[in-house]
Amino acid sequence: MSASGYKSDIIQIGSLAMGGDLPVRVQSMTNTDTLDTAASVSQCIRIIEAGGELVRLTAQGVREAENLAAIKTELRKAGFDTPLCADIHFNPAAAEVAARLVEKVRINPGNYADKRASFIRQELTDTEWMAELERTRERLLPLIKICTEYGTAVRIGVNHGSLSDRIMTRYGNTPEGMAVSAIEFLKIFRGEGFRRIVVSMKSSDTLTMVLANRLLVKMMADEGMFFPVHLGITEAGEGEDGRIISAAGIGTLLTEGIGDTIRVSLSEPPENEIPVARAIIRAVAGEAGRVKNPLPPLEQMKTGELWFPQVYTALSGIVPEGYTDESGERYSGKLKRAKTDELRVLAGMTLNNNLLDIVFDCDDPEQLAIEAAALTGRFFIARHPSGLCISNKGTVHGEALRRLAFSILQATEARITRTRYISCPTCGRTKFNLQEAVQKVKAATAHLTGMKIAVMGCVVNGPGEMAGADYGYVGAAEGKVHIYRGTEAVLKNIPEAEALDKLLELIRKDQTDSASR
(Lines give C-alpha, C1' and ligand atoms only; values in the text may rest on other atoms or scores of the structure.)
Protein backbone atom coordinates (compact mmCIF):
# COMPACT_ATOMS: atom_id res chain seq x y z
CA MET A 1 0.00 0.00 0.00
CA SER A 2 1.36 3.44 -0.91
CA ALA A 3 1.42 6.19 1.65
CA SER A 4 -1.36 8.01 -0.22
CA GLY A 5 -3.65 4.97 0.21
CA TYR A 6 -3.56 5.27 3.99
CA LYS A 7 -6.83 5.97 5.77
CA SER A 8 -6.90 6.20 9.53
CA ASP A 9 -9.49 4.88 11.93
CA ILE A 10 -11.73 7.34 13.77
CA ILE A 11 -10.99 7.73 17.46
CA GLN A 12 -12.63 9.77 20.21
CA ILE A 13 -10.65 12.12 22.48
CA GLY A 14 -13.11 13.51 25.00
CA SER A 15 -15.60 15.57 23.01
CA LEU A 16 -13.41 15.51 19.88
CA ALA A 17 -13.53 12.86 17.14
CA MET A 18 -10.69 12.65 14.62
CA GLY A 19 -9.51 10.46 11.78
CA GLY A 20 -11.23 8.80 8.85
CA ASP A 21 -12.89 11.34 6.54
CA LEU A 22 -13.41 13.90 9.30
CA PRO A 23 -11.86 17.36 8.83
CA VAL A 24 -8.24 17.74 9.89
CA ARG A 25 -8.21 18.98 13.50
CA VAL A 26 -6.15 21.91 14.79
CA GLN A 27 -4.40 22.20 18.13
CA SER A 28 -1.80 24.22 20.04
CA MET A 29 0.15 24.13 23.32
CA THR A 30 0.34 26.54 26.22
CA ASN A 31 3.63 28.16 27.22
CA THR A 32 2.59 29.10 30.75
CA ASP A 33 3.77 27.52 33.99
CA THR A 34 1.32 24.66 34.48
CA LEU A 35 1.36 25.38 38.23
CA ASP A 36 -0.06 28.83 37.47
CA THR A 37 -3.72 27.91 37.15
CA ALA A 38 -5.06 31.34 36.24
CA ALA A 39 -2.47 32.02 33.53
CA SER A 40 -2.86 28.55 32.05
CA VAL A 41 -6.65 28.76 31.97
CA SER A 42 -6.50 32.19 30.38
CA GLN A 43 -4.16 31.01 27.67
CA CYS A 44 -6.18 27.84 27.03
CA ILE A 45 -9.24 30.04 26.48
CA ARG A 46 -7.37 32.25 24.01
CA ILE A 47 -6.29 29.15 22.05
CA ILE A 48 -9.82 27.72 22.07
CA GLU A 49 -11.44 31.00 21.06
CA ALA A 50 -8.97 31.26 18.17
CA GLY A 51 -10.28 27.89 16.95
CA GLY A 52 -8.07 25.35 18.73
CA GLU A 53 -9.79 21.98 19.10
CA LEU A 54 -7.32 20.45 21.57
CA VAL A 55 -4.91 22.13 24.00
CA ARG A 56 -1.67 20.57 25.26
CA LEU A 57 0.07 21.58 28.50
CA THR A 58 3.45 20.49 29.78
CA ALA A 59 3.51 18.22 32.83
CA GLN A 60 7.20 17.83 33.59
CA GLY A 61 6.54 16.64 37.14
CA VAL A 62 3.85 15.11 39.31
CA ARG A 63 2.90 18.49 40.81
CA GLU A 64 2.28 19.94 37.36
CA ALA A 65 0.32 16.84 36.37
CA GLU A 66 -1.85 17.11 39.49
CA ASN A 67 -2.60 20.77 38.75
CA LEU A 68 -4.12 19.83 35.42
CA ALA A 69 -7.22 18.94 37.45
CA ALA A 70 -7.59 22.54 38.63
CA ILE A 71 -7.04 23.90 35.12
CA LYS A 72 -9.62 21.53 33.66
CA THR A 73 -12.14 22.38 36.38
CA GLU A 74 -11.84 26.10 35.70
CA LEU A 75 -12.18 25.60 31.96
CA ARG A 76 -15.30 23.48 32.40
CA LYS A 77 -16.75 26.13 34.73
CA ALA A 78 -16.16 28.70 31.99
CA GLY A 79 -18.15 26.57 29.56
CA PHE A 80 -15.32 25.01 27.53
CA ASP A 81 -15.29 21.23 26.93
CA THR A 82 -12.19 21.24 24.70
CA PRO A 83 -10.03 18.18 25.43
CA LEU A 84 -6.71 18.68 27.22
CA CYS A 85 -3.47 16.80 26.61
CA ALA A 86 -0.58 16.40 29.05
CA ASP A 87 2.90 16.58 27.50
CA ILE A 88 5.28 14.15 29.21
CA HIS A 89 9.05 13.73 28.97
CA PHE A 90 11.17 11.41 31.16
CA ASN A 91 8.52 11.04 33.85
CA PRO A 92 6.16 8.03 33.74
CA ALA A 93 4.86 8.93 37.22
CA ALA A 94 3.59 12.26 35.86
CA ALA A 95 2.01 10.48 32.88
CA GLU A 96 0.16 8.08 35.17
CA VAL A 97 -1.23 10.96 37.24
CA ALA A 98 -2.22 13.01 34.19
CA ALA A 99 -3.93 10.06 32.51
CA ARG A 100 -6.54 10.07 35.28
CA LEU A 101 -7.25 13.78 34.82
CA VAL A 102 -7.14 14.83 31.17
CA GLU A 103 -8.39 13.38 27.90
CA LYS A 104 -5.02 12.67 26.30
CA VAL A 105 -1.39 12.06 27.28
CA ARG A 106 1.56 12.54 24.95
CA ILE A 107 4.65 10.39 25.55
CA ASN A 108 7.96 10.27 23.68
CA PRO A 109 9.35 6.77 22.95
CA GLY A 110 12.85 8.25 23.04
CA ASN A 111 12.69 9.05 26.74
CA TYR A 112 9.69 7.34 28.37
CA ALA A 113 11.41 4.07 29.23
CA ASP A 114 14.96 5.15 28.37
CA LYS A 115 17.19 7.82 29.90
CA ARG A 116 18.12 10.94 27.97
CA ALA A 117 20.04 10.10 24.78
CA SER A 118 23.80 10.43 25.29
CA PHE A 119 24.61 9.99 21.57
CA ILE A 120 26.85 7.07 22.54
CA ARG A 121 26.63 3.84 20.53
CA GLN A 122 24.74 1.07 22.29
CA GLU A 123 25.43 -2.16 20.41
CA LEU A 124 22.94 -4.89 21.36
CA THR A 125 22.53 -8.50 20.29
CA ASP A 126 19.07 -9.55 19.11
CA THR A 127 18.50 -11.19 22.49
CA GLU A 128 19.48 -8.01 24.33
CA TRP A 129 17.28 -5.98 21.99
CA MET A 130 14.23 -8.11 22.80
CA ALA A 131 15.02 -7.84 26.50
CA GLU A 132 14.97 -4.03 26.17
CA LEU A 133 11.60 -4.21 24.42
CA GLU A 134 10.22 -6.31 27.26
CA ARG A 135 11.53 -3.79 29.78
CA THR A 136 9.79 -1.04 27.81
CA ARG A 137 6.54 -3.03 27.77
CA GLU A 138 6.65 -3.46 31.53
CA ARG A 139 7.26 0.27 31.95
CA LEU A 140 4.24 1.06 29.79
CA LEU A 141 1.78 -1.40 31.36
CA PRO A 142 0.68 0.87 34.26
CA LEU A 143 -0.07 3.74 31.86
CA ILE A 144 -1.96 1.46 29.47
CA LYS A 145 -4.07 0.12 32.34
CA ILE A 146 -4.94 3.63 33.58
CA CYS A 147 -5.75 4.93 30.09
CA THR A 148 -7.99 1.91 29.48
CA GLU A 149 -9.84 2.48 32.75
CA TYR A 150 -10.31 6.23 32.25
CA GLY A 151 -10.84 6.28 28.48
CA THR A 152 -7.75 8.44 28.01
CA ALA A 153 -6.14 8.72 24.58
CA VAL A 154 -2.38 8.53 24.03
CA ARG A 155 -0.16 10.29 21.52
CA ILE A 156 3.01 8.40 20.75
CA GLY A 157 5.11 11.36 19.67
CA VAL A 158 8.52 10.70 18.13
CA ASN A 159 10.87 13.63 17.63
CA HIS A 160 13.87 13.64 15.32
CA GLY A 161 16.88 14.14 17.55
CA SER A 162 15.39 12.61 20.69
CA LEU A 163 15.57 8.95 19.75
CA SER A 164 17.06 6.54 22.25
CA ASP A 165 20.71 5.52 22.00
CA ARG A 166 19.50 1.98 21.24
CA ILE A 167 17.49 3.11 18.19
CA MET A 168 20.13 5.55 16.95
CA THR A 169 22.89 2.93 17.14
CA ARG A 170 21.01 0.50 14.89
CA TYR A 171 19.09 2.88 12.60
CA GLY A 172 20.77 6.24 12.97
CA ASN A 173 19.03 9.55 13.62
CA THR A 174 16.93 8.87 10.52
CA PRO A 175 13.32 8.66 9.30
CA GLU A 176 13.60 4.89 9.59
CA GLY A 177 14.76 5.15 13.20
CA MET A 178 11.84 7.44 13.98
CA ALA A 179 9.28 5.10 12.41
CA VAL A 180 10.72 2.00 14.10
CA SER A 181 10.66 3.77 17.47
CA ALA A 182 6.95 4.48 17.06
CA ILE A 183 6.07 1.03 15.73
CA GLU A 184 7.67 -0.63 18.77
CA PHE A 185 5.37 1.33 21.09
CA LEU A 186 2.33 0.83 18.87
CA LYS A 187 2.79 -2.94 18.94
CA ILE A 188 3.02 -2.90 22.75
CA PHE A 189 -0.19 -0.87 23.07
CA ARG A 190 -1.99 -3.02 20.50
CA GLY A 191 -0.81 -6.16 22.23
CA GLU A 192 -2.64 -4.97 25.35
CA GLY A 193 -5.80 -4.26 23.34
CA PHE A 194 -5.40 -0.46 23.49
CA ARG A 195 -6.26 1.47 20.32
CA ARG A 196 -7.16 5.03 21.34
CA ILE A 197 -3.88 6.28 19.87
CA VAL A 198 -2.54 9.15 17.79
CA VAL A 199 1.02 8.95 16.46
CA SER A 200 3.40 11.66 15.26
CA MET A 201 6.78 11.99 13.53
CA LYS A 202 8.18 15.49 14.01
CA SER A 203 11.35 17.21 12.86
CA SER A 204 12.58 20.74 12.25
CA ASP A 205 13.65 19.55 8.79
CA THR A 206 10.88 19.32 6.18
CA LEU A 207 12.34 16.40 4.23
CA THR A 208 12.99 14.32 7.36
CA MET A 209 9.47 14.99 8.63
CA VAL A 210 7.88 14.09 5.29
CA LEU A 211 9.91 10.90 4.78
CA ALA A 212 9.37 9.74 8.37
CA ASN A 213 5.59 10.12 8.10
CA ARG A 214 5.42 8.35 4.74
CA LEU A 215 7.43 5.47 6.14
CA LEU A 216 5.36 5.36 9.33
CA VAL A 217 2.00 5.03 7.58
CA LYS A 218 3.37 2.35 5.26
CA MET A 219 4.75 0.38 8.21
CA MET A 220 1.48 0.78 10.13
CA ALA A 221 -0.56 -0.37 7.13
CA ASP A 222 1.74 -3.38 6.69
CA GLU A 223 1.00 -4.26 10.33
CA GLY A 224 -2.76 -3.74 9.91
CA MET A 225 -2.69 -0.60 12.07
CA PHE A 226 -4.44 2.61 10.99
CA PHE A 227 -3.98 5.08 13.82
CA PRO A 228 -4.62 8.81 13.23
CA VAL A 229 -1.50 10.86 12.47
CA HIS A 230 -0.57 14.21 14.01
CA LEU A 231 1.60 16.50 11.85
CA GLY A 232 3.96 19.32 12.67
CA ILE A 233 7.34 20.87 11.98
CA THR A 234 9.08 21.28 15.31
CA GLU A 235 10.97 24.46 16.15
CA ALA A 236 9.66 26.13 12.99
CA GLY A 237 10.63 29.58 14.24
CA GLU A 238 8.55 32.73 13.97
CA GLY A 239 7.27 35.25 11.47
CA GLU A 240 7.08 34.48 7.78
CA ASP A 241 9.83 31.84 7.90
CA GLY A 242 7.98 29.84 10.56
CA ARG A 243 4.78 29.94 8.53
CA ILE A 244 6.48 28.95 5.27
CA ILE A 245 8.41 25.96 6.62
CA SER A 246 5.31 24.68 8.44
CA ALA A 247 3.13 25.08 5.35
CA ALA A 248 5.64 23.35 3.09
CA GLY A 249 6.00 20.25 5.27
CA ILE A 250 2.44 19.90 6.52
CA GLY A 251 0.92 20.82 3.14
CA THR A 252 2.97 18.15 1.37
CA LEU A 253 1.59 15.37 3.58
CA LEU A 254 -2.00 16.64 3.68
CA THR A 255 -1.96 16.56 -0.14
CA GLU A 256 -1.06 12.87 0.10
CA GLY A 257 -3.91 12.16 2.53
CA ILE A 258 -1.62 11.86 5.56
CA GLY A 259 -2.60 13.82 8.66
CA ASP A 260 -5.65 13.94 10.92
CA THR A 261 -4.56 16.72 13.27
CA ILE A 262 -1.90 19.42 12.99
CA ARG A 263 -0.03 21.90 15.12
CA VAL A 264 2.01 24.81 13.75
CA SER A 265 4.88 25.37 16.21
CA LEU A 266 5.71 29.09 16.22
CA SER A 267 7.90 31.04 18.64
CA GLU A 268 4.96 33.36 19.19
CA PRO A 269 1.88 33.44 21.44
CA PRO A 270 0.25 30.03 20.89
CA GLU A 271 -3.08 31.47 19.78
CA ASN A 272 -1.22 32.83 16.72
CA GLU A 273 -0.69 29.25 15.56
CA ILE A 274 -4.36 28.47 15.01
CA PRO A 275 -5.15 30.75 12.03
CA VAL A 276 -1.92 29.62 10.34
CA ALA A 277 -2.92 25.98 10.73
CA ARG A 278 -6.39 26.74 9.36
CA ALA A 279 -4.84 28.55 6.38
CA ILE A 280 -2.62 25.56 5.55
CA ILE A 281 -5.62 23.22 5.59
CA ARG A 282 -7.68 25.59 3.41
CA ALA A 283 -4.85 25.96 0.89
CA VAL A 284 -4.60 22.22 0.37
CA ALA A 285 -8.09 20.88 1.13
CA GLY A 286 -10.41 23.87 0.83
CA GLU A 287 -13.31 24.41 3.18
CA ALA A 288 -13.97 20.64 3.38
CA GLY A 289 -10.96 20.39 5.68
CA ARG A 290 -9.56 17.21 4.15
CA VAL A 291 -8.23 16.20 0.73
CA LYS A 292 -10.77 13.85 -0.86
CA ASN A 293 -8.53 12.41 -3.58
CA PRO A 294 -5.01 12.12 -2.15
CA LEU A 295 -2.07 12.17 -4.51
CA PRO A 296 0.79 9.69 -4.43
CA PRO A 297 4.16 10.93 -3.17
CA LEU A 298 6.36 12.46 -5.83
CA GLU A 299 9.42 10.48 -6.84
CA GLN A 300 12.37 11.75 -4.83
CA MET A 301 15.01 13.02 -7.23
CA LYS A 302 18.69 13.02 -6.36
CA THR A 303 20.00 16.47 -5.59
CA GLY A 304 23.42 16.22 -7.21
CA GLU A 305 25.62 19.13 -8.05
CA LEU A 306 23.55 20.02 -11.12
CA TRP A 307 20.36 20.65 -9.11
CA PHE A 308 20.53 24.29 -8.13
CA PRO A 309 17.03 25.79 -8.36
CA GLN A 310 16.95 29.47 -9.19
CA VAL A 311 14.38 32.17 -8.56
CA TYR A 312 12.98 33.58 -11.80
CA THR A 313 11.12 36.76 -12.67
CA ALA A 314 8.38 36.89 -15.31
CA LEU A 315 9.25 39.61 -17.80
CA SER A 316 5.74 41.00 -18.13
CA GLY A 317 3.93 39.92 -14.99
CA ILE A 318 0.91 37.67 -15.25
CA VAL A 319 1.18 36.82 -18.97
CA PRO A 320 4.95 36.56 -19.31
CA GLU A 321 6.83 36.96 -22.53
CA GLY A 322 9.63 35.09 -20.87
CA TYR A 323 11.61 34.76 -17.66
CA THR A 324 14.96 35.94 -16.42
CA ASP A 325 17.08 34.23 -13.79
CA GLU A 326 18.93 35.89 -10.93
CA SER A 327 21.71 37.12 -13.22
CA GLY A 328 19.30 38.51 -15.82
CA GLU A 329 19.73 35.66 -18.31
CA ARG A 330 16.67 34.67 -20.33
CA TYR A 331 15.23 31.24 -19.49
CA SER A 332 14.91 28.82 -22.42
CA GLY A 333 14.20 25.49 -20.71
CA LYS A 334 11.06 23.51 -19.90
CA LEU A 335 8.16 25.29 -18.21
CA LYS A 336 5.15 24.30 -16.11
CA ARG A 337 2.79 27.19 -15.43
CA ALA A 338 -0.49 26.94 -13.58
CA LYS A 339 -3.05 28.76 -11.53
CA THR A 340 -3.43 27.49 -7.97
CA ASP A 341 -6.55 25.48 -8.81
CA GLU A 342 -4.60 23.67 -11.53
CA LEU A 343 -1.83 22.49 -9.20
CA ARG A 344 -3.56 19.15 -8.62
CA VAL A 345 -2.89 18.29 -12.26
CA LEU A 346 0.76 19.28 -11.93
CA ALA A 347 1.17 17.65 -8.54
CA GLY A 348 0.99 14.15 -9.97
CA MET A 349 3.54 14.87 -12.69
CA THR A 350 7.29 14.59 -12.75
CA LEU A 351 8.55 18.15 -13.01
CA ASN A 352 12.22 17.30 -13.18
CA ASN A 353 14.20 20.24 -14.64
CA ASN A 354 11.09 22.38 -15.24
CA LEU A 355 10.70 25.99 -14.26
CA LEU A 356 7.60 26.04 -12.03
CA ASP A 357 5.53 29.24 -12.32
CA ILE A 358 2.43 29.41 -10.13
CA VAL A 359 -0.07 32.21 -10.56
CA PHE A 360 -1.84 33.44 -7.41
CA ASP A 361 -4.55 36.00 -6.89
CA CYS A 362 -4.00 37.32 -3.38
CA ASP A 363 -3.74 40.68 -1.62
CA ASP A 364 -2.68 39.44 1.83
CA PRO A 365 1.10 38.78 2.14
CA GLU A 366 0.73 36.22 4.95
CA GLN A 367 -2.03 34.31 3.18
CA LEU A 368 0.03 34.30 -0.02
CA ALA A 369 3.12 32.99 1.79
CA ILE A 370 1.19 30.14 3.45
CA GLU A 371 -0.68 29.19 0.29
CA ALA A 372 2.41 29.31 -1.93
CA ALA A 373 4.47 27.18 0.47
CA ALA A 374 1.67 24.66 1.08
CA LEU A 375 1.08 24.16 -2.66
CA THR A 376 4.62 24.30 -4.07
CA GLY A 377 6.67 22.87 -1.18
CA ARG A 378 6.15 19.25 -2.21
CA PHE A 379 7.88 19.82 -5.56
CA PHE A 380 11.01 21.23 -3.98
CA ILE A 381 11.08 18.71 -1.13
CA ALA A 382 11.10 16.08 -3.90
CA ARG A 383 13.93 17.97 -5.68
CA HIS A 384 12.12 18.32 -9.05
CA PRO A 385 12.05 21.83 -10.55
CA SER A 386 14.97 23.78 -11.92
CA GLY A 387 13.52 26.99 -10.60
CA LEU A 388 10.55 28.83 -9.14
CA CYS A 389 8.63 31.90 -10.27
CA ILE A 390 5.72 33.19 -8.22
CA SER A 391 3.27 35.37 -10.11
CA ASN A 392 0.38 37.19 -8.49
CA LYS A 393 -2.67 39.03 -9.82
CA GLY A 394 -3.15 40.67 -6.43
CA THR A 395 -1.40 43.62 -4.82
CA VAL A 396 1.67 41.69 -3.61
CA HIS A 397 4.24 41.79 -6.39
CA GLY A 398 7.80 42.57 -7.42
CA GLU A 399 10.57 42.04 -4.89
CA ALA A 400 8.13 40.61 -2.31
CA LEU A 401 7.42 37.67 -4.65
CA ARG A 402 11.14 37.08 -5.23
CA ARG A 403 11.78 37.03 -1.46
CA LEU A 404 8.91 34.59 -1.01
CA ALA A 405 10.34 32.26 -3.65
CA PHE A 406 13.76 32.31 -1.95
CA SER A 407 12.04 31.58 1.39
CA ILE A 408 10.28 28.51 -0.03
CA LEU A 409 13.57 27.16 -1.39
CA GLN A 410 15.17 27.82 2.00
CA ALA A 411 12.32 26.15 3.94
CA THR A 412 12.50 23.00 1.84
CA GLU A 413 16.31 23.06 1.96
CA ALA A 414 16.30 23.05 -1.82
CA ARG A 415 18.71 25.96 -1.65
CA ILE A 416 20.17 27.73 1.38
CA THR A 417 20.79 31.44 0.87
CA ARG A 418 20.75 32.72 4.45
CA THR A 419 20.97 31.49 8.04
CA ARG A 420 18.22 29.07 9.08
CA TYR A 421 16.87 29.68 12.59
CA ILE A 422 15.40 26.81 14.57
CA SER A 423 13.38 27.91 17.59
CA CYS A 424 10.84 26.11 19.72
CA PRO A 425 7.34 27.45 20.40
CA THR A 426 8.05 27.52 24.16
CA CYS A 427 6.12 25.78 26.92
CA GLY A 428 6.02 25.72 30.71
CA ARG A 429 9.59 24.38 30.77
CA THR A 430 11.05 27.47 29.06
CA LYS A 431 13.67 29.23 31.19
CA PHE A 432 13.70 32.67 29.58
CA ASN A 433 11.77 35.00 27.26
CA LEU A 434 12.31 32.92 24.15
CA GLN A 435 10.50 35.22 21.72
CA GLU A 436 12.79 38.08 22.77
CA ALA A 437 15.85 35.81 22.60
CA VAL A 438 14.98 34.72 19.04
CA GLN A 439 14.76 38.33 17.90
CA LYS A 440 18.11 39.19 19.52
CA VAL A 441 19.91 36.17 18.07
CA LYS A 442 18.48 36.80 14.58
CA ALA A 443 19.47 40.47 14.68
CA ALA A 444 23.02 39.68 15.82
CA THR A 445 23.62 36.90 13.27
CA ALA A 446 21.69 38.21 10.24
CA HIS A 447 24.97 38.78 8.38
CA LEU A 448 25.78 35.05 8.41
CA THR A 449 24.80 32.71 5.57
CA GLY A 450 24.40 28.97 5.16
CA MET A 451 24.30 28.28 8.89
CA LYS A 452 21.75 26.73 11.26
CA ILE A 453 21.33 28.39 14.65
CA ALA A 454 18.90 27.01 17.23
CA VAL A 455 17.26 28.99 20.02
CA MET A 456 15.63 26.55 22.43
CA GLY A 457 13.66 27.13 25.61
CA CYS A 458 15.02 24.30 27.76
CA VAL A 459 17.41 21.37 27.93
CA VAL A 460 14.63 18.75 27.90
CA ASN A 461 14.31 18.59 24.12
CA GLY A 462 16.67 21.30 22.97
CA PRO A 463 20.00 19.44 22.60
CA GLY A 464 18.55 16.55 20.62
CA GLU A 465 15.90 18.35 18.62
CA MET A 466 18.24 21.03 17.31
CA ALA A 467 18.77 18.28 14.69
CA GLY A 468 21.82 19.36 12.79
CA ALA A 469 22.13 22.95 14.00
CA ASP A 470 25.63 24.39 13.90
CA TYR A 471 25.10 26.33 17.13
CA GLY A 472 22.52 26.37 19.89
CA TYR A 473 21.37 28.96 22.43
CA VAL A 474 19.48 26.93 25.04
CA GLY A 475 17.77 27.93 28.28
CA ALA A 476 19.41 26.07 31.18
CA ALA A 477 18.02 27.63 34.36
CA GLU A 478 16.47 30.91 35.41
CA GLY A 479 18.61 33.59 33.74
CA LYS A 480 21.17 31.04 32.52
CA VAL A 481 21.98 29.81 29.00
CA HIS A 482 24.00 26.90 27.60
CA ILE A 483 25.83 27.59 24.32
CA TYR A 484 26.13 24.56 22.03
CA ARG A 485 28.36 23.69 19.13
CA GLY A 486 26.39 20.93 17.43
CA THR A 487 25.21 18.60 20.20
CA GLU A 488 27.97 19.60 22.65
CA ALA A 489 27.40 22.23 25.33
CA VAL A 490 30.71 24.08 25.10
CA LEU A 491 29.70 26.93 27.42
CA LYS A 492 27.39 26.23 30.36
CA ASN A 493 25.29 28.40 32.68
CA ILE A 494 26.26 31.66 31.01
CA PRO A 495 24.33 34.65 32.43
CA GLU A 496 21.67 35.59 29.91
CA ALA A 497 23.01 39.15 29.66
CA GLU A 498 26.34 37.76 28.41
CA ALA A 499 25.11 34.79 26.38
CA LEU A 500 24.64 36.48 23.01
CA ASP A 501 28.17 37.95 23.06
CA LYS A 502 29.54 34.52 24.00
CA LEU A 503 27.69 32.90 21.08
CA LEU A 504 29.10 35.45 18.64
CA GLU A 505 32.62 35.02 20.07
CA LEU A 506 32.36 31.24 19.58
CA ILE A 507 31.18 31.60 15.98
CA ARG A 508 33.94 34.11 15.15
CA LYS A 509 36.60 31.88 16.74
CA ASP A 510 35.39 28.82 14.83
CA GLN A 511 35.37 30.76 11.55
CA THR A 512 38.89 32.07 12.21
CA ASP A 513 40.17 28.59 13.10
CA SER A 514 38.54 27.15 9.97
CA ALA A 515 40.06 29.81 7.73
CA SER A 516 43.54 29.20 9.14
CA ARG A 517 43.50 25.46 8.47
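**Pockets, sheet and helices**

Author: α9 (273-285), α10 (343-347) and α11 each contribute at least two residues to the lining of the largest pocket. Helices (H or I, at least four residues) and strands (E, at least two) are DSSP runs, numbered from the N terminus. This is a predicted model, in which local features need pLDDT of at least 70 and side-chain atom pairs count only at pLDDT 80 or more, while totals for chains, interfaces and linings use all residues. Residues are numbered from 1 along each chain as its sequence is written, and side-chain values use heavy atoms, with hydrogens and water left out.

Reader: Which helix gives the most to the lining of the largest pocket?

Author: A pocket is an open set of points on a 1 Å grid over the protein atoms alone, with protein on both sides within 12 Å along at least five of seven lines; a cavity is a set where a 1.4 Å probe fits but cannot get out, and lining residues have an atom within 4 Å of a point. The largest pocket holds about 310 Å³ of space, a volume being the space filled by probe spheres set on the points, with grid points joined across faces, edges and corners. Of its 20 lining residues, the closest to the centre are Ala283, Val284, Thr340, Arg344 and Leu375. The most, 5 residues, comes from α11.

Reader: Which strands does helix α11 lie across?

Author: The open sheet of 4 strands has parallel pairing and the order β11-β16-β15-β14, where two strands pair if DSSP finds at least two bridges between them. Its edge strands, each pairing on one side only, are β11 (310-311) and β14 (334-339). Helix α11 (residues 365-381) runs at about 155° to β15, with axes being lines fitted to C-alpha atoms, for helices over the stretch in contact, and angles running from 0 to 180 degrees between N-to-C directions. The strands it lies across are β15 and β16 (387-392).

Reader: Which residue of β15 stands opposite Lys339?

Author: Strands β14 and β15 (residues 354-360) run parallel and are joined by 6 bridges. Opposite Lys339 stands Val359.

Reader: Which residues of α15 meet α13?

Author: Helix α13 (residues 434-445) and helix α15 (residues 496-516) pack at about 35°, with their axes 11 Å apart. By class, their contact has 5 nonpolar, 1 polar and 1 charged residues; Ala, Val, Leu, Ile, Met, Phe, Trp, Tyr, Cys and Pro count as nonpolar, Asp, Glu, Lys and Arg as charged, and the others, Gly among them, as polar. Contact means heavy atoms within 4.5 Å. Lys440, Val441, Ala444 and Thr445 in α13 meet Leu500, Leu503 and Leu504.

Reader: Which residue in the turn between β20 and β21 has a positive phi?

Author: Strands β20 (residues 480-485) and β21 (residues 488-495) pair in the antiparallel sense over 5 bridges, and Ile483 has Leu491 as its bridge partner. The two strands form a hairpin with 2 residues between them. The turn residue with a positive phi, about 65°, is Gly486.
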